[in-house]
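Thank you for letting me take a few minutes today.

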Amino acid sequence: MTKQLIMIRHAKSDWSLPAIDDFERPLAGRGIVDCAKIGQWLAAQGCSADCVISSSALRAWQTTEAIAYSLGISRQKIQYDGKLYLADSDDMLKIIRKQADNCNTLLLVGHNPGMDQLLIELTAHKLKLTENGKLLTTASVAMLSIPDDWKNLATHSGNIIVMMRPREL
């Protein structure tokens, strides 16, 4: 059965408090607005998720909560994983591969550069970079169809359904 992976990079974080630990950095005002935009767009696409895995860093947690609220996803479906904080694509793949068979749509919220690396590894498509050379800018979404079960997720096995950046809305 085909699975769907929805990848979301956390929204824009607040850098106005330089003394704060990076893990505890909250969303900036623009990040909050972008979460609402992306959440509304996802809802309009009819998106939902059977399970949600998010980095436990504050900005990712806030992004996840906002998106889940927009999509009507209960908090019981959300798993916060400290291993996603600044994880590389290999670490993210390990987490994804542990998902249960009854999870048909997985929402993954994380950080760059790992999210960009994972997206590149999962698809064989030529992906459009921003002028800054990024795929997933803050609060961006990439939806992929995955032909196999999670535990057999392989390089270049995903197909891009859609990519959306907040600035495109």
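This is a predicted model: local features need pLDDT of at least 70, side-chain atom pairs count only at pLDDT 80 or more; totals for chains, interfaces and linings use all residues.

Cys 47 has a relative accessibility of 12% and therefore counts as buried, where buried means under 20% relative accessible area, exposed means over 50%, and partly exposed is in between, with a 1.4 Å probe and protein chains only. Cys 47 is in no disulfide, and the nearest cysteine sulfur, which belongs to Cys 103, is 14 Å away; a disulfide here is a pair of cysteine sulfur atoms within 2.5 Å.

Residues are numbered from 1 along each chain as its sequence is written, and side-chain values use heavy atoms, with hydrogens and water left out.

How many disulfides does the structure hold? It holds one, formed by Cys 51 and Cys 103, whose sulfur atoms are 1.8 Å apart. The torsion about their S-S bond is about -85°, so this disulfide is left-handed. Because Cys 51 lies in strand S2 (residues 51–55) and Cys 103 in the loop between helix H3 (89–97) and strand S4 (105–110), the pair ties together parts that are 52 residues apart in sequence; helices (H or I, at least four residues) and strands (E, at least two) are DSSP runs, numbered from the N terminus. Both Cys 51 and Cys 103 are buried.

Let me turn to the rings. A pair of aromatic rings is described by the distance of the centres and the angle of the planes. Rings of Phe, Tyr and Trp (its six-membered ring) pair if their centres lie within 6.5 Å, and planes under 30 degrees apart count as stacked, over 60 as edge-to-face and the rest as tilted. By this rule there are two aromatic pairs. Phe 23 and Tyr 85 form an edge-to-face pair, 4.9 Å centre to centre and with 80° between the planes. This pair links distant parts of the chain, 62 residues apart, with Phe 23 in the loop between strand S1 (3–9) and helix H1 (29–44), and Tyr 85 in the loop between strand S3 (78–81) and H3. Phe 23 is partly exposed, with a relative accessible area of 23%, and Tyr 85, at 22% relative accessibility, also counts as partly exposed.

The rings of Trp 61 and Tyr 80 have their centres 6.4 Å apart and their planes at 40°, so that pair is tilted.
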